[in-house]
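Subject: Structure handover

Hello,

Here is the structure I promised to pass on. Please open it first, then read the notes below.

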Amino acid sequence: MTASVLRTAQQIVDDANALAREMYRLRGYVVADGYRFDQATHPHEVTAWLQACFAYDFIQGTEVGEALFEIEEDEE
C-alpha cells in the first residue's frame, strides 16, 4: 500500500476540472485549456463538472466542493 499524497485545495479543483474536461470530451465537445467547469452555466458543462466531482471524491475520498469553497474564501 502506498502512502496517500496530500493535495492542496487548488490541486484538487484543478484535477476535477481536468477530469471534467475529459468527460466533456467523451461527449464530443472541446473547450479551451484552462476552462473552469466549476464556473460553467451550460447544462452539459455543469453535468461534466458534477460527474467529475463525484468520480474524484469517490476515488480519492476528497470533497471537491469543500476545496473550491476554501479557494473562494482565500480569494476574498
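A surface patch here is made of residues with over 30% relative accessible area and no salt bridge, and nonpolar side chains are joined into one within 5 Å. By that rule, Phe54, Phe58 and Ile59 make a nonpolar surface patch of about 430 Å². Ile59 sits in helix α2. Its relative accessibility is 66%, so Ile59 counts as exposed. Please keep in mind that this is a predicted model.

Aromatic rings

Next, the rings. A search of the whole structure gives 4 aromatic pairs. One of them joins Tyr24 and Phe37: the ring centres are 5.4 Å apart and the planes stand at 75°, so this pair is edge-to-face. The pair links distant parts of the chain. Tyr24 belongs to helix α1 (residues 9-26), while Phe37 lies in the loop between α1 and α2, 13 residues apart from Tyr24.

Both residues of that pair are out of the way of solvent by the numbers. Tyr24 is buried, with a relative accessible area of 6%. Phe37 is buried as well, at 1% relative accessibility.

Phe37 has another ring partner, Tyr35. Here the centres are 5.0 Å apart and the planes are at 85°, so this pair is also edge-to-face. Tyr35 is partly exposed, with a relative accessible area of 27%. Ring pairs link Tyr24, Tyr29, Tyr35 and Phe37 into a cluster.

Salt bridges

How many salt bridges does the structure hold? There are 3.

Asp15 pairs with Arg7, and their closest N and O atoms are 2.7 Å apart. Asp15 is partly exposed, with a relative accessible area of 26%. Arg7 is partly exposed too, at 36%.

Arg25 pairs with Glu22, with the closest N and O atoms 2.8 Å apart. These two residues are 3 residues apart in helix α1, so about one helical turn separates them. Arg25 has a relative accessible area of 44% and is partly exposed. Glu22 counts as partly exposed at 37%.

Arg36 and Asp38 form a salt bridge at 2.6 Å, N to O. Arg36 is partly exposed, at 32% relative accessibility. Asp38 is at 15%, and because buried means under 20% relative accessible area, Asp38 counts as buried.

Buried charges without a partner

Which side chain of opposite charge is nearest to Glu45? That is Arg21, 10.0 Å away. A salt bridge needs a side-chain nitrogen of Lys or Arg within 4 Å of a carboxyl oxygen of Asp or Glu. Glu45 is buried yet has no salt bridge.

Glu45 is found in helix α2 (residues 43-60). Leaving out residues up to four places away in sequence, Glu45 touches Tyr24, Val31, Tyr35, Phe37 and Ala40.

Asp57 is buried and has no salt bridge. The nearest side chain of opposite charge is that of Arg7, 11 Å away. Arg7 has its salt bridge with Asp15. Beyond residues up to four places away in sequence, Asp57 touches Thr62, Glu63 and Val64.

Around Ile12

Last, a residue in helix α1: Ile12. Is Ile12 buried or exposed? At 10% relative accessibility, Ile12 counts as buried. Setting aside neighbours within four places in sequence, Ile12 is in contact with Arg7, Tyr56, Thr62, Val64 and Ala67. Thr62 and Val64 are also touched by Asp57. Ile12 and Ala48 are 36 residues apart in sequence, and their C-alpha atoms are 16 Å apart in space.

Then turn to Glu45, which touches residues including Tyr24 and Phe37. After that, find the patch made by Phe54, Phe58 and Ile59.

Best wishes

Notes:
Residues numbered from 1 in each chain as written. Predicted model: local features only at pLDDT ≥ 70, side-chain atom pairs only at ≥ 80, totals over all residues. Heavy atoms only, no water. Helix = DSSP H or I, 4+ residues; strand = E, 2+ residues; numbered from the N terminus. Buried < 20%, exposed > 50% of the residue type's maximum accessible area, 1.4 Å probe, protein only. Lys, Arg positive; Asp, Glu negative; His and termini not counted. Contact = heavy atoms within 4.5 Å. Phe/Tyr/Trp six-rings, centres within 6.5 Å; stacked < 30°, edge-to-face > 60°. Patch = residues over 30% accessible without salt bridge, like charges linked within 9 Å, V, L, I, M, F, W, Y side chains within 5 Å. Areas by Shrake-Rupley, 256 points an atom, 1.4 Å probe, with all protein chains shown as cover.
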